[in-house]
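Please open the model in your viewer and keep the sequence beside it. The tour below goes from one selection to the next and says what is found at each stop.

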Amino acid sequence: MAEEVRGGTVCASGPAAPEPDTPRLRALLPPLRPPADRRRWIAVAVVLLLLVVVAVSCVDAGGDGGRPSSAAWQTPAGPDRPTLRRAAPPNVRIGTAVDSRLLDTDPRYRSTLAADFNAVTPEYVMKWAALERAPDRYDWEPPDRLVAFAEANGQAVYGHALVWHSSVPAWVSESWSPAQLRELLRKHITTVVSRYRGKVWAWDVVNEALAENGTLRQSIWLRKLGPGYLADAFRWAHEADPDARLFINDYGTEGRTKKADALWRLVRQLRSQGVPVQGVGFQSHLRADQDPTDIAGNLRRFAALGVAVAVTELDVRLQLPATPEKLVGQALLYQHVLEACLAVPTCESFTLWGFTDASSWITYHYPGYGAACVFDGELKPKPAHASLIAELREPRSAPPG
Ligand code: XIL
């Protein structure tokens, strides 16, 4: 029997609802003037039922404008299907980016999120432009809600992202002096990392520091503060939370590319200067028909620098329309990336950049592409979900040593 979501309420779209004039229902209704025709009775009954459901859900939501209190974040027991979280080996975090808009409004999104993932990354709400829309005016509620949800569902939180060329608040001006901008950056990192100390296991401290050719990307931070901004950012984050794992995160580095070589040299150099770069994140926004070369070997050479590695933003976009063949190709690439991560003992986290085609940045960032996630727009598992489950269940020999 298919399930549909209408206005937030799940209604069986199978056999029709019970007739309204049953003695039980009539007993419920106050004596009303008998209406002329049956349909009006049905309409009346449906409206009443909906009112009851809404009233119940408001009571359940703890009544603060429909956003559940942390107690109400407790999601129901998992679905009766294989879930990534249940299939995952104990030392591997299977995570996803979270769209806070759906987290707040969609119970099915929430239950799938809780059932399939033991780690979460805020897709948007911890980015600087979203957090501090005006100087010293932080909008903590959305990230706090995500952290509360994660805590209520036993999920690790991966913070994203402290320093980035994008999502810089509009009020930050490049006309300010280097000293002013340096102090602003220090204050931002310290404020955010301190607030979530002990609640966030890892941070993307610096995101997308490299340009496509492997040189340092031009940004307000590089232009005004010079390359030293990277080391400063990691040191400030480490001071604010010495226990958080600190990552440098980038894309186009998932295979043996020039950019990956440049990132490898940058990490080695920073660590040789004692800069606390403790992890390297590989975003992995992939095309189903473009396999990165030697993913596992690439992860291994970074791991050999003494850092943790992680797949941080995996999605596999399809040239639309999606066909059964393309979905199989997609499933194989998802499985391939997971296999590479599981083959490297220090690959601590495997995160998808969203899990449902109903909420994927690919749809609007890559015209003509889409269907990039492991669940479809109806939250039905796709072949990619099954291939990840299969890979997670693969018996693995204990890593050497
Ligand atoms: C994307 C979000 O998914 C979009 O919703 C937003 O419009 C732009 O940013 N690399 C990153 C992510 O590090 O933060 C980006 O997320 C995708 C690319």
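**A pair of helices**

Helices α12 and α13 are roughly parallel to each other, a description used for angles under 35 degrees, whereas angles over 145 count as roughly antiparallel, 65 to 115 as roughly perpendicular and the rest as oblique. This is a predicted model, in which local features need pLDDT of at least 70 and side-chain atom pairs count only at pLDDT 80 or more, while totals for chains, interfaces and linings use all residues. Residues are numbered from 1 along each chain as its sequence is written, and side-chain values use heavy atoms, with hydrogens and water left out.

Select α12 together with helix α13 (residues 324-342): their axes come within 8 Å and cross at roughly 30 degrees. The axes are lines fitted to C-alpha atoms, for helices over the stretch in contact, with angles running from 0 to 180 degrees between N-to-C directions. Helices (H or I, at least four residues) and strands (E, at least two) are DSSP runs, numbered from the N terminus. Next, show the side chains where the two helices meet: Ile295, Ala296 and Leu299 in α12 are in contact (heavy atoms within 4.5 Å) with His336, Val337, Ala340 and Cys341 in α13.

**Salt bridges**

Across the whole structure, a search finds 18 salt bridges, each being a side-chain nitrogen of Lys or Arg within 4 Å of a carboxyl oxygen of Asp or Glu.

Select Arg145 and Glu141, whose side chains form a salt bridge at 2.8 Å, N to O. Both residues belong to helix α7 (residues 141-152), where they are four residues apart, about one turn of the helix. Arg145 is buried, because its relative accessible area is 11%; buried means under 20%, exposed over 50% and partly exposed in between, with a 1.4 Å probe and protein chains only.

Arg195 is partly exposed at 35% relative accessible area, and Asp144 is partly exposed at 27%.

Move on to Arg256 and Asp294, where the side chains meet in a salt bridge of 3.0 Å, N to O. This pair links distant parts of the chain, 38 residues apart, with Arg256 in the loop between β9 (245-250) and α11 (258-272) and Asp294 in the loop between β11 (285-287) and α12 (295-303).

Which residues does Asn207 contact, leaving aside its neighbours within four places in sequence? Select Asn207 in strand β8 (residues 200-207), and the contacts to look for are His160, Ala161, Val163, Trp164, Asn249, Gln283 and Glu313. With Asn249, the side chain of Asn207 makes a side-chain to side-chain polar contact of 3.0 Å. A polar contact is a pair of N or O atoms within 3.5 Å; within protein, one must be able to donate a hydrogen and the other to accept it, and residues adjacent in sequence count only if both atoms are side-chain atoms. Asn207 counts as buried because its relative accessibility is 2%.

Finish at Val125, which sits in the loop between β4 (119-122) and α6 (128-131) and counts as buried at 10% relative accessibility. Its C-alpha atom is separated by 6.2 Å from that of Pro142, 17 residues apart along the chain.
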